[in-house]
Amino acid sequence: MIIAILLTFLVHVFLGLPLFLALLSSAVVGFFFIDPAMIPRMMPQQFYGGINAFSLMAIPLFILAGNLMNAAGMTEQLMRLARLLVGHLRGGIGHVNVLSSVFFAGVNGSAVADTSALGPLLVPAMRKEGYDKAFAAGLTAASSLVGPIIPPSIFMILYASLTNVSVGSLFLAGVIPGFVIAAAFMAMNGWYAWRHQLPRNGRAPTMKELGAAVVQAIPALVAPVIIVLGIVMGLVTPTESGGLIALYVVICGVLQRRLRLRDVWASLTETVRLTSAIFLIMAASATISWQLSYAQVPAQLTTLFTPFLDSPLLILLLLSLIIFTVGMFMEEVSALMLLTPILVPVALAAGIDPVQLGVIVTLNITIALITPPMGACLHVAAAVSKLEITALFRSIWPFVLVALGVLGLLIVFPPLTLWLPGLFA
């Protein structure tokens with residue numbers, strides 16, 4: 001059944017069918033292996049049930065907050081602060097690229113949105129300072145990986161909705177890994193700048209200049225703190241936090257006189273467009289997930305992994321291999337929705353903490369965003385940098401290897417993900 005569903009999906013994707021229709025057609029094939037008479041009854045029920053969760057309302061609200069943040073000019077304020085902090089170093093504009101992604105991740109939670117927002121600004125700037133176009137595009141795509149890891153994270157909200165794991169714990173678990181990824185890419189950029197002898201530009205900022213930039217960026221810097229602390233302390237749910245932060249950004253934009261009514265309308269329109277695409281994919285994926293559960297695929301997979309259950313490290317490596325491989329060829333939300341219900345029982349049987357697993361799953365899915373052939377961030381980075389996608393396919397692998405190295409570090413040292421949530425347990 002699994003092979004038939006997968007082949008149907010791949011064929012329809014290559015034929016150019018929209019993803020949610022490719023998933024639905026695959027679900028129809030799956031019902032023929034279970035019971036075709038169930039199609040008119042179970043398919044609509046599972047399609048609607050896949051998105052009928054209050055916690056999922058946080059996704060459009062966080063997307064809206066990110067769009068409003070761009071419209072209100074907060075992204076430029078964060079980039080100015082990043083430039084003052086690291087722009088004077090050798091390869092400074094590359095460091096600015098990574099640090100801006102860290103700042104931007106604190107509100108949006110989407111790697112693709114990060115690449116789309118920062119790429120058009122930073123890739124040309126990096127080219128002017130002597131960077132190779134392929135490296136500039138690759139660093140822009142790769143640095144966006146911190147978006148789904150540093151809270152808030154759309155992928156983590158989806159994982160939590162499927163596993164009943166605390167969103168607050170997942171958000172806290174992503175903080176340290178997010179900064180480790182950023183540090184790894186800044187080190188990679190520093191090595192590139194040293195190897196190519198890129199010049200230093202400008203001077204270190206004075207305390208007055210730095211203070212002024214921090215004051216301007218405070219509204220944007222405070223946003224992720226409000227999100228995480230509000231959820232962790234139990235003051236708000238993730239959905240309420242998304243609404244609160246969207247309102248907060250609107251108020252800040254209006255007070256600074258940088259957000260107009262047409263900007264709000266444009267942000268709402270873009271949010272509806274993106275949310276509709278995500279939720280349609282989620283609903284269609286939920287139908288297939290139910291079929292796999294009904295056919296007891298998770299139980300069969302757990303039995304298959306029984307010889308390795310005594311080694312959580314080996315189980316995490318095997319699960320990462322599966323998730324990463326599937327993510328290379330399948331849209332990321334679909335892969336997350338389909339794989340999580342299947343793989344979580346295996347991990348739990350091996351004694352793996354579900355919070356650590358959530359970060360590992362999220363990072364695997366996120367790395368797939370910069371991995372050929374389906375990586376969405378690659379296609380966005382190629383478009384904004386006016387680079388042939390095949391050229392970026394060839395040059396992205398060092399960034400993928402660095403990200404996989406960080407993934408291995410998180411697997412070998414669980415405290416990197418579990419220490420911070422443990423403090424608030």
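The radius of gyration here runs over C-alpha atoms, and the globule rule is 2.2 Å times the number of residues to the power 0.38. This is a predicted model, where local features need pLDDT of at least 70, side-chain atom pairs count only at pLDDT 80 or more, and totals for chains, interfaces and linings use all residues. Residues are numbered from 1 along each chain as its sequence is written, and side-chain values use heavy atoms, with hydrogens and water left out.

View 1. Helices (H or I, at least four residues) and strands (E, at least two) are DSSP runs, numbered from the N terminus. For 425 residues the globule rule gives a radius of gyration near 22 Å, and the chain comes in at 21 Å, so it agrees with a compact globule. The C-alpha trace spans about 70 × 45 × 45 Å along its principal axes. Buried residues (under 20% relative accessible area; exposed is over 50%, partly exposed in between; 1.4 Å probe, protein chains only) account for 55% of the chain.

**View 2. Helix H12 and its bend at Ala-217.** H12 covers residues 207–232 and bends by about 55°, with Pro-219 following within four residues. That bend is the angle between axes fitted to the seven residues ending there and the seven starting there. Buried positions in H12 include Leu-210, Ala-217, Pro-219, Pro-224 and Ile-231. What do the buried residues of H12 pack against? Their partners are H4 (58–71), H5 (74–86), H10 (167–173) and H13 (238–255), with contact meaning heavy atoms within 4.5 Å. Just past the end of H12, Gly-234 takes a positive phi of about 75°.

**View 3. Thr-8 in helix H1.** H1 is residues 2–14. Is Thr-8 buried or exposed? Thr-8 counts as buried because its relative accessibility is 15%. Leaving out residues up to four places away in sequence, Thr-8 touches Ser-25, Ser-26 and Val-29.

**View 4. A cis peptide bond between Pro-151 and Pro-152.** Omega is about 0° at this bond. Pro-152 sits in the loop between H8 (133–143) and H9 (154–163). For context, most peptide bonds are trans, and most residues other than glycine have a negative phi.

**View 5. Positive phi at Arg-257 and Lys-386.** Arg-257 has phi near 60° and lies in the loop between H13 and H14 (261–294). With 80% relative accessibility, Arg-257 counts as exposed. Lys-386 has phi of about 55° and belongs to the loop between H19 (376–385) and H20 (389–395). Lys-386 is exposed too, with a relative accessible area of 71%.
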